[in-house]
Amino acid sequence: MNAVHAISCRRIIKKPDSVHDNPEGRHALPDPSQTKPIGYLKANAAEVLTHLAEQRKPLIITHNGVAKAVLQDVASYEETRDTLALLKFLAMGYQGVAAGRVKPAGEVIARLRAKRTPG
(Lines give C-alpha, C1' and ligand atoms only; values in the text may rest on other atoms or scores of the structure.)
Protein backbone atom coordinates (compact mmCIF):
# COMPACT_ATOMS: atom_id res chain seq x y z
CA MET A 1 0.00 0.00 0.00
CA ASN A 2 1.47 3.33 -0.95
CA ALA A 3 1.48 6.38 1.33
CA VAL A 4 -1.32 8.18 -0.55
CA HIS A 5 -3.60 5.14 -0.34
CA ALA A 6 -2.87 4.73 3.38
CA ILE A 7 -3.70 8.38 4.06
CA SER A 8 -6.97 8.23 2.11
CA CYS A 9 -8.00 5.06 3.97
CA ARG A 10 -7.40 6.70 7.32
CA ARG A 11 -9.67 9.59 6.39
CA ILE A 12 -12.69 7.39 5.76
CA ILE A 13 -12.39 5.31 8.92
CA LYS A 14 -15.15 6.45 11.23
CA LYS A 15 -14.98 6.83 14.97
CA PRO A 16 -16.85 4.38 17.23
CA ASP A 17 -20.59 5.04 17.43
CA SER A 18 -21.49 3.11 20.56
CA VAL A 19 -20.15 2.16 23.95
CA HIS A 20 -19.63 -1.36 22.60
CA ASP A 21 -17.06 -0.14 20.05
CA ASN A 22 -13.48 -0.31 21.24
CA PRO A 23 -11.14 2.29 19.67
CA GLU A 24 -8.18 -0.06 20.04
CA GLY A 25 -10.02 -2.76 18.11
CA ARG A 26 -9.42 -5.40 20.77
CA HIS A 27 -12.28 -7.40 22.25
CA ALA A 28 -14.89 -4.98 20.91
CA LEU A 29 -18.30 -6.40 21.78
CA PRO A 30 -21.32 -6.24 19.46
CA ASP A 31 -24.95 -5.85 20.47
CA PRO A 32 -25.36 -7.21 24.03
CA SER A 33 -28.07 -9.61 22.82
CA GLN A 34 -25.37 -11.32 20.76
CA THR A 35 -23.05 -11.70 23.77
CA LYS A 36 -23.42 -14.55 26.25
CA PRO A 37 -21.28 -15.88 29.10
CA ILE A 38 -19.76 -19.33 28.74
CA GLY A 39 -22.12 -20.66 31.41
CA TYR A 40 -25.09 -19.81 29.20
CA LEU A 41 -23.53 -21.75 26.34
CA LYS A 42 -22.91 -24.78 28.58
CA ALA A 43 -26.50 -24.77 29.86
CA ASN A 44 -28.21 -24.05 26.52
CA ALA A 45 -25.97 -25.51 23.80
CA ALA A 46 -28.78 -26.98 21.65
CA GLU A 47 -30.83 -23.77 21.84
CA VAL A 48 -27.78 -21.68 20.97
CA LEU A 49 -27.06 -23.81 17.90
CA THR A 50 -30.66 -23.50 16.72
CA HIS A 51 -30.58 -19.74 17.25
CA LEU A 52 -27.28 -19.43 15.32
CA ALA A 53 -28.70 -21.35 12.36
CA GLU A 54 -31.89 -19.26 12.29
CA GLN A 55 -30.42 -15.80 12.91
CA ARG A 56 -27.10 -16.23 11.07
CA LYS A 57 -25.45 -13.70 13.41
CA PRO A 58 -22.30 -14.53 15.35
CA LEU A 59 -22.49 -15.01 19.10
CA ILE A 60 -19.69 -13.70 21.29
CA ILE A 61 -18.83 -15.97 24.22
CA THR A 62 -17.38 -14.28 27.27
CA HIS A 63 -15.44 -15.62 30.23
CA ASN A 64 -15.23 -13.42 33.30
CA GLY A 65 -16.72 -10.57 31.25
CA VAL A 66 -14.04 -10.72 28.53
CA ALA A 67 -14.76 -11.81 24.95
CA LYS A 68 -12.99 -15.12 24.40
CA ALA A 69 -14.63 -16.77 21.38
CA VAL A 70 -16.99 -16.23 18.47
CA LEU A 71 -19.57 -18.85 17.60
CA GLN A 72 -21.27 -18.82 14.21
CA ASP A 73 -23.30 -21.13 12.01
CA VAL A 74 -21.53 -23.20 9.37
CA ALA A 75 -23.06 -21.38 6.37
CA SER A 76 -21.89 -17.99 7.67
CA TYR A 77 -18.45 -19.42 8.42
CA GLU A 78 -18.14 -20.79 4.88
CA GLU A 79 -19.22 -17.44 3.38
CA THR A 80 -16.67 -15.61 5.53
CA ARG A 81 -13.93 -18.09 4.57
CA ASP A 82 -14.73 -17.72 0.86
CA THR A 83 -14.81 -13.93 1.11
CA LEU A 84 -11.43 -13.88 2.84
CA ALA A 85 -9.98 -16.11 0.13
CA LEU A 86 -11.20 -13.70 -2.56
CA LEU A 87 -9.77 -10.74 -0.65
CA LYS A 88 -6.41 -12.50 -0.44
CA PHE A 89 -6.41 -13.01 -4.20
CA LEU A 90 -7.31 -9.36 -4.70
CA ALA A 91 -4.47 -8.27 -2.39
CA MET A 92 -2.04 -10.50 -4.30
CA GLY A 93 -3.17 -8.84 -7.53
CA TYR A 94 -2.60 -5.36 -6.12
CA GLN A 95 0.84 -6.43 -4.89
CA GLY A 96 1.65 -7.72 -8.35
CA VAL A 97 0.61 -4.44 -9.96
CA ALA A 98 2.62 -2.46 -7.39
CA ALA A 99 5.66 -4.65 -8.11
CA GLY A 100 5.26 -4.13 -11.87
CA ARG A 101 4.28 -7.73 -12.65
CA VAL A 102 1.72 -6.76 -15.29
CA LYS A 103 1.29 -7.42 -19.00
CA PRO A 104 -1.03 -5.79 -21.53
CA ALA A 105 -4.36 -7.63 -21.78
CA GLY A 106 -4.05 -8.01 -25.57
CA GLU A 107 -0.70 -9.77 -25.19
CA VAL A 108 -2.09 -12.22 -22.62
CA ILE A 109 -5.19 -12.97 -24.71
CA ALA A 110 -3.07 -13.57 -27.82
CA ARG A 111 -0.81 -15.96 -25.90
CA LEU A 112 -3.81 -17.88 -24.52
CA ARG A 113 -5.37 -18.15 -28.00
CA ALA A 114 -2.10 -19.40 -29.43
CA LYS A 115 -1.97 -22.15 -26.79
CA ARG A 116 -5.58 -23.13 -27.48
CA THR A 117 -5.35 -23.48 -31.25
CA PRO A 118 -3.41 -26.45 -32.63
CA GLY A 119 -0.69 -25.34 -34.84
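Is Asp-82 buried, partly exposed or exposed? Asp-82 is partly exposed, because its relative accessible area is 42%; buried stands for under 20% relative accessible area, exposed for over 50%, and partly exposed for what lies in between, with a 1.4 Å probe and protein chains only.

The model is predicted, so local features need pLDDT of at least 70 and side-chain atom pairs count only at pLDDT 80 or more, while totals for chains, interfaces and linings use all residues. Residues are numbered from 1 along each chain as its sequence is written, and side-chain values use heavy atoms, with hydrogens and water left out.

**Overall make-up**

- The protein chain has 5 helices and 3 strands, where helices (H or I, at least four residues) and strands (E, at least two) are DSSP runs numbered from the N terminus.
- Their order along the sequence is α-β-α-α-β-β-α-α.
- The chain has 119 residues, and 11% of them count as buried.
- Its accessible surface is about 9,900 Å², with 61% belonging to carbon and sulfur atoms; the areas come from the Shrake-Rupley method with a 1.4 Å probe, and for residues only the protein chains shown count as cover.

**Salt bridges**

- The whole structure contains 3 salt bridges, each being a side-chain nitrogen of Lys or Arg within 4 Å of a carboxyl oxygen of Asp or Glu.
- One of them joins Asp-73 and Arg-56, with the closest N and O atoms 3.4 Å apart.
- Asp-73 is in the loop between β3 and α4 and Arg-56 in the loop between α3 (45-55) and β2 (59-63), so this pair ties together parts 17 residues apart in sequence.
- Asp-73 is buried, at 10% relative accessible area, whereas Arg-56 is partly exposed, at 37%.
- Arg-56 also forms a salt bridge with Glu-79, at 3.0 Å between the closest N and O atoms.
- Glu-79 belongs to helix α4, and 23 residues separate it from Arg-56.
- Asp-82 and Arg-81 meet in a salt bridge of 3.6 Å, N to O.
- Shared partners join Arg-56, Asp-73 and Glu-79 into one network of salt bridges.

- Ala-67 lies in strand β3 (residues 66-71) and is buried, with a relative accessible area of 13%.
- Thr-35 is 32 residues from Ala-67 in sequence, and their C-alpha atoms are 8.4 Å apart.
- Of the 12 residues of α5, the number buried is 0, so this helix lies largely in the open.
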